[in-house]
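This briefing sets out the fold of a single protein chain for a reader working from its coordinates. The points below are grouped by topic, from the chain as a whole to individual residues.

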Amino acid sequence: MASSPPSKRRRKDQSKDDANDVSATSSSTLEKLSPVVVFAHGAGAPSSSDWMIRWKDMLGKALHAVEVVTFDYPYISGGKRRAPPKAEKLVDFHADVVEKAVAKYPGHPLILAGKSMGSRVSCMVACKEGIRASAIVCLGYPLKGINGAVRDETLLQLSVPIMLVQGSKDALCPLEKLEVTRKKMKCPSGLHVIDGGDHSFKIGKKHLQTTGLTQDEAEDLALQAIASFLAGSL
């Protein structure tokens, strides 16, 4: 007699087991590598914001980082609240922070990470001569500019593996435009979409009820995807 197909619950449990197996393998690989992560903030909030502190801690644990280095760009440091300059004007300052981190932890793979604007500047830094990044992690890449134009020039220049995490409801990065850009990129790229997430990955209560996930669980899936991509890239 033919066996009946597995129940929805059993399939869900099996998917969880498979995800756990992948997560364990990624964790073991990253633990051996112990990368140094330089994590840049977004345009509107410094490294001391609740979001940055939380993601710094989560990235550090998920990636088994020897350190997650955060910093403030000059326009916002010391409690300043000036408008950010063009991203290109932040590259040299950012690169100095990276070089100091590399000098502090020689032999450890370098991962450049950033939130929104910080992810865009991280990509620019990775293209800079003398910077030897092993990978880039972009949390909410702002693909679309204020005028609506697609800002893909830096992404198309990259030769370093890049992992992108985007909210499906992020107006600054329409997923269909991102997919077109990824097809043109010459470097390996990964994408994890947080279903229902906005530019900062916040998911509405109704959407969470629909998916059956909590905010923490949705973000943990993103962290697992990041770790898996990096373990296969480093």
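In this predicted model, the elements of the protein chain follow the order α-β-α-β-α-β-α-β-α-β-α-β-α-α from the N terminus. The chain holds eight helices and six strands. Its radius of gyration is 18 Å, close to the 17 Å that the globule rule gives for 234 residues, so the chain is as compact as a globular protein of that length.

**Overall dimensions and annotation**

- The C-alpha trace of the protein chain spans about 70 × 40 × 35 Å along its principal axes.
- Of the 234 residues, 45% count as buried.
- Among contacts between residues at least 6 apart in sequence, 74% join residues at least 24 apart.
- An unreviewed UniProt entry places the feature "domain: KANL3/Tex30 alpha/beta hydrolase-like" at residues 36-230. The end C-alpha atoms of that span lie 12 Å apart, and the span is 39% helix and 16% strand.

**The sheet**

- Six strands form an open sheet in the order β2-β1-β3-β4-β5-β6, with parallel pairing. The edge strands, each pairing on one side only, are β2 (67-70) and β6.
- On average, neighbouring strands of this sheet are turned by 15° against each other, direction ignored.
- Strand β1 (residues 36-40) runs parallel to β3 (residues 110-115), and five bridges join the two. Val36 has Leu110 as its bridge partner in β3, and Val37 has Ile111.
- Strand β3 is also joined to β4 by five bridges, again in parallel. Within this pairing, Leu112 stands opposite Ile136 of β4.

**Helices packed on the sheet**

- Helix α2 (residues 50-63) lies across β1, β2, β3 and β4 (135-139), and runs at about 160° to β1.
- Helix α3 (residues 91-104) packs on the sheet as well, where it touches β1, β2 and β3. The direction of α3 makes about 160° with that of β1.

**Burial of strand β3**

- Six of the six residues of β3 are buried, so the strand is largely enclosed by the rest of the structure.
- In a regular strand, side chains alternate between the two faces of the sheet.
- Both faces of β3 are covered: one side carries the buried residues Leu110, Leu112 and Gly114, while the other carries Ile111, Ala113 and Lys115, which are buried too.

**Ala135 in strand β4**

- Ala135 is found in β4, and it counts as buried because its relative accessibility is 0%.
- Not counting residues up to four places away in sequence, Ala135 touches Leu110, Ile111, Leu112, Val160, Pro161, Leu230 and Leu234.
- Leu191 is 56 residues from Ala135 along the chain, and the C-alpha atoms of the two are separated by 14 Å.

**Helix α6 and its two sides**

- In helix α6 (residues 175-184), the residues Leu178, Thr181 and Arg182 are buried. Viewed down the helix axis, the buried residues of α6 fall within an arc of 100°, so they line one face of the helix.
- Glu176 and Lys183, on the other side of α6, are exposed.
- The cover over the buried residues of α6 includes α5 (153-157), β5 (162-167) and β6 (189-194).

Technical notes: Residues are numbered from 1 along each chain as its sequence is written. This is a predicted model: local features need pLDDT of at least 70, side-chain atom pairs count only at pLDDT 80 or more; totals for chains, interfaces and linings use all residues. Side-chain values use heavy atoms; hydrogens and water are left out. Buried means under 20% relative accessible area, exposed over 50%, partly exposed in between (1.4 Å probe, protein chains only). Helices (H or I, at least four residues) and strands (E, at least two) are DSSP runs, numbered from the N terminus. The arc is that of the directions from the helix axis to the C-beta atoms. Contact means heavy atoms within 4.5 Å. Two strands pair if DSSP finds at least two bridges between them. Axes are lines fitted to C-alpha atoms, for helices over the stretch in contact, and angles run from 0 to 180 degrees between N-to-C directions. UniProt positions are given in the numbering used here, feature names are shortened, and annotations may be inferred rather than shown by experiment. The radius of gyration is taken over C-alpha atoms; the globule rule is 2.2 Å times the number of residues to the power 0.38.
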